[in-house]
Amino acid sequence: MARPQLQVNDPLSQTNRSSRPSRTSFLSRLFGTAPDPKDELKPLYLSVVGEARDPIWYRDYGAADTVEGRFDMISSVLALVMLRIENEPDMLPATARLTELFVDDMDGQLRETGLGDPTLGKKMGKLMEAHGGRMGAFRSALPANEAEMAGAVKRNARLNDGADPSVMGRALIALAQRLAGRSHEQILAGEIAA
């Protein structure tokens, strides 16, 4: 799988939080000179992708080393990060920006494979539906127990033939616990690796 392509050229992004944007801020947004609010989350998103590409997930925990399996791992790690962010109300805007980075990345990856606009929208819809389902499953399973998480993994991740979903479930629980121990600043800086 190619490195993530972060396409973050959004000249009309909202960067001024005042109720009356100034003429300068409007022109800055119009001509793309204002910083993109997603930029501050690039280190976190790149850390999510880096964590999901760690060979241990494939070699030791049973993730399928296929395009679909790698998508599942990126989505799984991202889901856990987003669930961690949900615990702090002042961090909630970060979930929308992380989702935008994820969509930009997946869009770029799909375009590299040759998918065009007519097919791309449907494929992106399915990917986002899968991601949302995974988040819901993990949200329910994490506070429960290892058996619940193993069930969520079995329903929401592609594993190697014969792989035990409870092994992946325990590894994802360990990642969630590691994220819970990180500060707001550490999460935003992308300090999620062991």
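Tutor: Angles under 35 degrees count as roughly parallel, over 145 as roughly antiparallel, 65 to 115 as roughly perpendicular and the rest as oblique. Axes are lines fitted to C-alpha atoms, for helices over the stretch in contact, and angles run from 0 to 180 degrees between N-to-C directions. Helices are DSSP runs (H or I, at least four residues), numbered from the N terminus. This is a predicted model, in which local features need pLDDT of at least 70, side-chain atom pairs count only at pLDDT 80 or more, and totals for chains, interfaces and linings use all residues. Residues are numbered from 1 along each chain as its sequence is written, and side-chain values use heavy atoms, leaving out hydrogens and water.

Student: At what angle do the axes of helix 4 and helix 5 cross?

Tutor: The axes of helix 4 (67–86) and helix 5 (residues 92–112) cross at roughly 165 degrees and come within 9 Å. The two helices are therefore roughly antiparallel to each other.

Student: Which residues of helix 4 and helix 5 make the contact?

Tutor: Contact means heavy atoms within 4.5 Å. Helix 4 contributes Phe71, Ile74, Ser75, Leu78, Val81, Met82, Ile85 and Glu86, and helix 5 contributes Leu92, Ala94, Thr95, Leu98, Thr99, Phe102 and Met106. These residues divide into 11 nonpolar, 3 polar and 1 charged. Here Ala, Val, Leu, Ile, Met, Phe, Trp, Tyr, Cys and Pro count as nonpolar, Asp, Glu, Lys and Arg as charged, and the others, Gly among them, as polar.

Student: How is the crossing of helix 4 and helix 5 handed, left or right?

Tutor: A crossing is left-handed if the near helix is turned anticlockwise from the far one by less than a right angle, and right-handed if clockwise. Helix 4 passes helix 5 in a right-handed crossing.
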